[in-house]
There are 2 protein chains.
Amino acid sequence: MSLAHVLLTSLLEKPSTGFELARRFDHSMGYFWQASHQQIYRELKQMLKKDWISITPDITSTRSKTYQVEQLGRIALTEWLSQHSAPAQVRDDLMVRLRAEAQLGGNQLLQELEQHLNIHRQTLNIYQQIFAKDFTRAAPKQRTLFIHRMILELGIQMEQTWIDWLENLIPQLKSFSLENNVTKPEFF
Amino acid sequence: MSLAHVLLTSLLEKPSTGFELARRFDHSMGYFWQASHQQIYRELKQMLKKDWISITPDITSTRSKTYQVEQLGRIALTEWLSQHSAPAQVRDDLMVRLRAEAQLGGNQLLQELEQHLNIHRQTLNIYQQIFAKDFTRAAPKQRTLFIHRMILELGIQMEQTWIDWLENLIPQLKSFSLENNVTKPEFF
DNA sequence: GTGAACATGTAAACAGTTACATGATTCT
DNA sequence: AGAATCATGTAACTGTTTACATGTTCAC
């Protein structure tokens, strides 16, 4: 379980409310981690109980609570850093579908593939805009900034890999169905 | 939940025992889906109850059960194919660690990054061997084979993207720690 | 006959998703 | 005054992982 550590990192970058944290998963943190608000609130409560974080004594007494990292939280994060982990596992629905379709035939997935291509193009676009906004000025001298840029670049590269692959696959699948190889799914 | 559909696809490719299915997740299916044997047995039991699959009347009366897909299973899989899905979500531990380290400082992750680089090189190697073994002879005319090749190629490309990125990142992080920018994690 | 690989399973713990519910603040 | 957004939470469910447990087959 590392959602706690994602939240610690995010709070270390900037003390925030649960809501702000949830929103941040759509941006910077979102390249490589997602979490719903329910997960976040549950986790924040548990971290509060462990004294990893605390609520800032906020003058603007609204209902929102701003959390900040405490010493114990820093220690926990540092300990977690020293652990080893295997590369993330991939679980890709689309690939399973494609392989199922390879068995069943028809050309049932063209639309789906094209939609995925569109989504990847949009995501790439968003990432590139963030890149242009935050990291354009030459090579960053600040280590933190440099690492953030590298993470974004990996996200960009991954999207590009998907786009290239789909742009190669789609026309080839189309030409397959033009030949008389059209196999219809039949089980009746 | 699509483990059932992954299993259906796999069984459609070749009727198998639970154990064989589990093993296949280390190979072909494993590029984009993983499952433990516990998940697989549980799922097989449920699919059997729904009559999506059946046990082949096996002469070699061992303890092992070979499963095959039934009509209802084919129908279920075809229905699932027609559904839409969003691109798979990424959840990458290493990226979180890196971002945490960007906050805490030290150069605590070099070893970990190098190990990941190694693993990705090994995985790439395995994929390339499978490629050489199964897909070397020109362009496959058979649609099924073509799709399998494309899926493997995506896996290869993804590994290559990781390797390139890590080979770029690691030396740059090293040169950061050679400058007097070395920041130690301090919380005492 | 012993150890490795084959083969199946139960139970508990943990993580993640979905549905539901509420109320405050800000903008028009 | 009404809508959109901010903000937090509970409960139930589904999916995944880990620990434990057991027995078979095959090769040496």
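In the predicted model, chain B and chain A together bury about 7800 Å², of which 64% lies on carbon and sulfur atoms. The contact involves 74 residues of chain B and 75 residues of chain A. Across this interface, 32 residue pairs are found in polar contact, both residues of each pair being at pLDDT 80 or more, and the count of salt bridges between the two chains is four. One of the salt bridges pairs Glu101(B) with Arg143(A), with 3.0 Å between the closest N and O atoms. On the side of chain B that touches chain A, two or more residues are given by each of helix H1 (3–13), helix H4 (71–81), helix H5 (93–104), helix H6 (110–135) and helix H7 (143–178) of chain B; H7(B) gives the most, with 18 residues. By class, this side of chain B comprises 36 nonpolar, 27 polar and 11 charged residues.

Chain A contains seven helices and two strands, arranged from the N terminus in the order α-α-α-β-β-α-α-α-α. Among the contacts in chain A between residues at least 6 apart in sequence, 56% join residues at least 24 apart.

Within strand S1 (residues 53–55) of chain A lies Ser54(A), which counts as buried because its relative accessibility is 18%, under the cut-off of 20%. Beyond its neighbours within four places in sequence, Ser54(A) is in contact with Leu48(A), Thr66(A), Tyr67(A), Gln68(A) and Glu70(A), and the side chains of Ser54(A) and Glu70(A) are joined by a polar contact of 2.6 Å.

Technical notes:
Residues numbered from 1 in each chain as written. Chains lettered and ligands numbered in written order. Predicted model: local features only at pLDDT ≥ 70, side-chain atom pairs only at ≥ 80, totals over all residues. Heavy atoms only, no water. Helix = DSSP H or I, 4+ residues; strand = E, 2+ residues; numbered from the N terminus. Buried < 20%, exposed > 50% of the residue type's maximum accessible area, 1.4 Å probe, protein only. Polar contact = N/O pair within 3.5 Å; in protein donor to acceptor, adjacent residues only side chain to side chain. Contact = heavy atoms within 4.5 Å. Buried area = accessible area lost by both parts, 1.4 Å probe. Salt bridge = Lys/Arg side-chain N within 4 Å of Asp/Glu carboxyl O. Nonpolar A, V, L, I, M, F, W, Y, C, P; charged D, E, K, R; others polar.
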